[in-house]
Amino acid sequence: MKTLILIDLSGLFWAHWHATEHHPVGEAYQRTVDQVRAASDGFDFVAVCCDHPPYKRREIFPEYKAQREKHPPQALQQLDDVKKRCADDGLLVWSVPGFEADDVIATATAKTLAME
């Protein structure tokens, strides 16, 4: 039987970004790439799932994430670099405009289970 892991890249990256605010630039990038590689070891298929704003949830509920500060451009660039690194490493990088990584993961899980 083939194995699949679905990784919430946004969750990993933002946790590392906030944990490394006093570290050298690029630390969040490196920690995220290292964690994705470690998590994906031993799986036949790896899908790195990403948020893709603007979120449809905001259309339904305008206050959704309204209190959050905008992400710094430097962080967004590092996140884009992580996505590129994952793709260059041969991993699937999935995102759907308007949806978050957890939505992509839930949909992929439901589709996979329906195939059994």
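**View 1. Helix 1 and helix 4 are oblique to each other, where angles under 35 degrees count as roughly parallel, over 145 as roughly antiparallel, 65 to 115 as roughly perpendicular and the rest as oblique.** The model is predicted: local features need pLDDT of at least 70, side-chain atom pairs count only at pLDDT 80 or more, and totals for chains, interfaces and linings use all residues. Residues are numbered from 1 along each chain as its sequence is written, and side-chain values use heavy atoms, with hydrogens and water left out. Helix 4 spans residues 73-88, and its axis lies 11 Å from that of helix 1, at an angle of about 135°. Axes are lines fitted to C-alpha atoms, for helices over the stretch in contact, and angles run from 0 to 180 degrees between N-to-C directions. Helices (H or I, at least four residues) and strands (E, at least two) are DSSP runs, numbered from the N terminus. From helix 1, Leu9, Phe13, Trp14 and Trp17 meet Gln74, Ala75, Leu76, Gln78, Leu79, Val82 and Lys83 of helix 4; contact means heavy atoms within 4.5 Å. By class, this contact has 8 nonpolar, 2 polar and 1 charged residues (Ala, Val, Leu, Ile, Met, Phe, Trp, Tyr, Cys and Pro count as nonpolar, Asp, Glu, Lys and Arg as charged, and the others, Gly among them, as polar).

**View 2. Helix 1 and helix 2 cross at roughly 140°.** Their axes come within 8 Å, and the two helices are oblique to each other. Leu9, Leu12, Phe13, His16 and Trp17 of helix 1 make the contact with Ala28, Tyr29, Arg31, Thr32, Gln35 and Val36 of helix 2. These residues divide into 7 nonpolar, 3 polar and 1 charged.

**View 3. His16 is found in helix 1, residues 9-19.** His16 counts as buried because its relative accessibility is 16% (buried means under 20% relative accessible area, exposed over 50%, partly exposed in between, with a 1.4 Å probe and protein chains only). Leaving aside neighbours within four places in sequence, His16 is in contact with Ala28, Arg31, Thr32 and Gln35. The buried residues of helix 1 are Leu9, Ser10, Leu12, Phe13, Trp14, His16 and Trp17. They pack against strand 1 (4-8), helix 2 (27-40), strand 2 (45-49) and helix 4.

**View 4. Gly42 is found in the loop between helix 2 and strand 2.** Gly42 is exposed, with a relative accessible area of 68%. The C-alpha atoms of Gly42 and Glu27, 15 residues apart along the chain, are separated by 25 Å.
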